[in-house]
Amino acid sequence: MFVMKLAILITGEYRTFEFCRKTMKFLDQSTLDKDVYFSTWNKTIIDNPFTKDKQISDTPITRKVTTNEIQSALGMPAKIQVHDYDIVCPKRSLAMRTGWRLGFKMIEESNTSYDYVYVLRPDLFFKGKSIFEVGEFVNFENTIGLPKDPYVDGEIDDTTFFSTYDNIKKLFEDDVLDIIAEHGNWHAKFRNYIEQKKFKLGLIPMTDRNNLIARFPMTSKTKFPMVQKNYLRLLDGYTLQ
């Protein structure tokens, strides 16, 4: 039986990771031979924070992010880097691409041999079973796994990627990512870029938009009532203000 060595890279703006972490059950899956890496920057903006009376505020808040906070929320061993926001994110449109590269550099510098890499944002809320519970990861040896079908809307979602170590390395190594990000709808251009690199694109099992909800809390008060309901369940008395 093939047992994969997995690197899980959580990278991007911290936002509401302390809540979303509770839904990332795959991090606690003891049957996985995995190492966890976390790459973010030292401040985060919460678009619509909940107030003490559990209403959504129109006023964004900016707060600091520390290594100790991340380690506490993770509750498990991990390699963590917290970068200076003003250096890493001189242009906000480039932040995600910069985060991918910095995070993957940690994996490379570990000198550990990995079969697969799972890349995800800190602010993702998982409802369904993970790809590891479904057990179909071997289908992604020649494919970049995505959370939604790029052939439906012509765009690449930036929330999760899953593939072999070599594929993810190739995906993140090119400066074309920065050029794409500066011109209009980079999600559509990113799809073209991936296809030009001769990657196949596929759906990650049980991780489509019905089971994966990003960016908690959402920026709309009324558009995502289910999101708000699930988010409120995670509050456990904790308040952001």
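**Note on aromatic pairs and salt bridges**

1. At 17% relative accessibility, Lys-5 counts as buried, because the cut-off for that label is under 20% relative accessible area. This and the points that follow describe a predicted model, and they begin with the charged partner of this lysine.

2. The side chain of Lys-5 meets that of Asp-33 in a salt bridge, with 3.0 Å from N to O. This pair links distant parts of the chain, since Lys-5 belongs to strand 1 (residues 5–11) and Asp-33 to strand 2 (residues 33–41), 28 residues apart. Asp-33, for its part, has 35% relative accessibility and therefore counts as partly exposed.

3. Arg-21 is at 8% relative accessibility and so counts as buried, whereas Asp-28, at 47%, counts as partly exposed.

4. Another salt bridge joins Arg-15 and Glu-13, whose closest N and O atoms are 3.4 Å apart. Arg-15 counts as buried at 11% relative accessibility, and Glu-13 is buried as well, with a relative accessible area of 4%. These two residues also belong to a network of salt bridges in which Arg-121 and Asp-123 are linked with them. Over the structure, the count of salt bridges comes to 10.

5. Turning to the aromatic rings, a search of the whole structure finds 13 aromatic pairs. Among them is the pair of Trp-100 and Phe-172, which is stacked, with 5.1 Å from centre to centre and 10 degrees between the planes. The pair links distant parts of the chain, Trp-100 lying in helix 4 (residues 95–109) and Phe-172 in helix 7 (residues 165–172), 72 residues apart. Both Trp-100 and Phe-172 are buried.

6. Why is the pair of Phe-161 and Phe-172 described as edge-to-face? The ring centres of Phe-161 and Phe-172 are 6.0 Å apart and their planes stand at 80 degrees, so the pair receives that description, the cut-off for edge-to-face being over 60 degrees. Because Phe-161 lies in strand 9 (residues 160–164) and Phe-172 in helix 7, the pair ties together parts that are 11 residues apart in sequence. Both Phe-161 and Phe-172 are buried.

7. Trp-100, Phe-161 and Phe-172, together with Phe-104 and Tyr-165, form one aromatic cluster.

Methods:
Residues numbered from 1 in each chain as written. Predicted model: local features only at pLDDT ≥ 70, side-chain atom pairs only at ≥ 80, totals over all residues. Heavy atoms only, no water. Phe/Tyr/Trp six-rings, centres within 6.5 Å; stacked < 30°, edge-to-face > 60°. Helix = DSSP H or I, 4+ residues; strand = E, 2+ residues; numbered from the N terminus. Buried < 20%, exposed > 50% of the residue type's maximum accessible area, 1.4 Å probe, protein only. Salt bridge = Lys/Arg side-chain N within 4 Å of Asp/Glu carboxyl O.
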